[in-house]
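Please consider the sequence and the model below. The paragraphs that follow lead through its surface, its helices and its open space.

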Amino acid sequence: MKEPMISIAAKQTPVINRLHDCMTQALSYAAAIRDNAQDDGRPIPMDLVTSFQDDYNKIITSLHEAHHLTSWF
């Protein structure tokens, strides 16, 4: 069964598609980092993990703000 289309403004489409592409790539990069760390038996520094987590949280915060527009008015 086909999922229903998500209704978004036309100007959002290219931006959302680009974010989706970047996130898909980021997931692949993260898997490669994990695989390399496992292969080498050497963990990446926690500071690096925390830095990426902070970036992820900023993305989620921006998307939540885009969804909860009533808080801006």
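**Surface, helices and a pocket**

A nonpolar patch on the surface is formed by Ile 33, Ile 44, Met 46, Leu 48, Val 49 and Phe 52, which together have about 500 Å² of accessible area. Patches are made of residues with over 30% relative accessible area and no salt bridge, where nonpolar side chains (Val, Leu, Ile, Met, Phe, Trp, Tyr) are joined within 5 Å and like charges within 9 Å. Accessible areas come from the Shrake-Rupley method with a 1.4 Å probe, and for residues only the protein chains shown count as cover.

This is a predicted model, in which local features need pLDDT of at least 70 and side-chain atom pairs count only at pLDDT 80 or more, while totals for chains, interfaces and linings use all residues. Residues are numbered from 1 along each chain as its sequence is written, and side-chain values use heavy atoms, with hydrogens and water left out.

The protein chain has two helices and zero strands; helices (H or I, at least four residues) and strands (E, at least two) are DSSP runs, numbered from the N terminus. Helix 2 (residues 46–67) gives the most to the nonpolar patch, namely four residues. Met 46 belongs to helix 2, and Met 46 counts as exposed because its relative accessibility is 54%. The classes are buried, under 20% relative accessible area, exposed, over 50%, and partly exposed in between (1.4 Å probe, protein chains only).

Helix 1 (residues 12–40) has 29 residues, so at 1.5 Å a residue it should span 42 Å, and its end C-alpha atoms, 41 Å apart, agree with this. The expected span is 1.5 Å times one less than the number of residues in the helix. Just after helix 1, Gly 41 takes a positive phi of about 65 degrees.

Which side chains meet in a salt bridge? A search of the whole structure finds one salt bridge, defined as a side-chain nitrogen of Lys or Arg within 4 Å of a carboxyl oxygen of Asp or Glu. Its partners are Arg 34 and Asp 35, at 3.0 Å from N to O. Arg 34 is partly exposed, with a relative accessible area of 45%, and Asp 35 is partly exposed at 34%.

The largest pocket holds about 480 Å³ of space. Of its 13 lining residues, Ala 26, Ala 30, Phe 52, Gln 53 and Tyr 56 are the closest to its centre. Helix 1 and helix 2 are the elements that give two or more residues to this lining. On a 1 Å grid over the protein atoms alone, a pocket is an open set of points with protein on both sides within 12 Å along at least five of seven lines, and lining residues have an atom within 4 Å of a point. Grid points are joined across faces, edges and corners, and a volume is the space filled by probe spheres set on the points.

Ala 30 lies in helix 1 and is partly exposed, at 43% relative accessibility. Ala 30 and Phe 52 are 22 residues apart in sequence and 9.9 Å apart in space, C-alpha to C-alpha. Met 23 also lies in helix 1, and Met 23 and Tyr 56, 33 residues apart in sequence, are 9.9 Å apart in space, C-alpha to C-alpha.

Terms used. 1 Å grid on protein atoms, 1.4 Å probe; cavity = no way out; pocket = protein on both sides within 12 Å on 5 of 7 lines; lining within 4 Å.
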